[in-house]
Amino acid sequence: MCDGEENPAAIPLPVEDVQGDNRWMSLHNCFVSDTKDREPEVVFIGDSLVQLLHQFEIWRQLFSPLHALNFGIGGDTTQNVLWRLQNGELENIKPKIVVLWVGTNNHSNTAQQVAGGIEAIVSLINERQPQAKVVVLSLLPRGMKPNPLREKNAQVNKILQSSLLTLSNAQFLNVDPGFVHTDGTISHHDMYDYLHLTRVGYARVCKPIHDLLLRLLEDTASQTLNTTS
């Protein structure tokens, strides 16, 4: 992008209530209420890949014991997440870690713009929650066979691997265990619709996330102990 050109993927926007049932805003308001009633150590924020994770047993096995909150909404883009975080979802809480997984729904944006939108979210989290480590999860490949959206997600990941090194408290985690087979296809056993994960798919993705969270929480506990001793 040219200098001075505004990135459309980094402009906070709520979802338009096209269907007329106000579900998106209702979920957002529910999350804001959770920040007033809960004291999470970890907060997951993102789109349907975050939201659906909450429905699987692996969430209760791995992440509930870490006092985690799930702020995922299906279909969200970087713009939608930015709006949510600017409007209450980062208030009242002091998490040690924020896990961010968003960007695959930014269909109208280039890879550079999507990466910039994710960077804008990380910067906002750093501003509102300076004590929190931010873990940005890689965008997964999508589609049964090779396609432009899969290529764009890979480009976003490549950009973020470098750009996040310049942002405070942020790190990139590649969570793709190898979903693409040697013939270029993705199995419906991992992604039932070639986008959303099955139970098996989540199991493959969540182990490295859980391992990293445990390390970060242990590091945070050690730092706290050192400063108080």
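User: Where is the place of Arg-84?

Analyst: Helices are DSSP runs of H or I with at least four residues, strands are E runs of at least two, and both are numbered from the N terminus. Here, Arg-84 sits in helix H4 (residues 78–86). Mind that this is a predicted model, where local features need pLDDT of at least 70, side-chain atom pairs count only at pLDDT 80 or more, and totals for chains, interfaces and linings use all residues. Residues are numbered from 1 along each chain as its sequence is written, and side-chain values use heavy atoms, with hydrogens and water left out.

User: Does Arg-84 count as buried or exposed?

Analyst: Buried means under 20% relative accessible area, exposed over 50%, partly exposed in between (1.4 Å probe, protein chains only). Arg-84 counts as buried because its relative accessibility is 0%.

User: Which backbone oxygen does the Arg-84 side chain reach?

Analyst: That of Phe-71, at 3.0 Å.

User: And Asn-109, which side chain does it make a polar contact with?

Analyst: A polar contact is a pair of N or O atoms within 3.5 Å; within protein, one must be able to donate a hydrogen and the other to accept it, and residues adjacent in sequence count only if both atoms are side-chain atoms. For Asn-109, the partner is the side chain of Gln-113 (3.5 Å). Asn-109 lies in the loop between strand S3 (97–101) and helix H5 (111–128), and is buried at 6% relative accessible area.

User: Is Met-144 buried or partly exposed?

Analyst: Met-144 is partly exposed, since its relative accessible area is 40%. Its C-alpha is separated by 8.0 Å from that of His-188, 44 residues apart along the chain.
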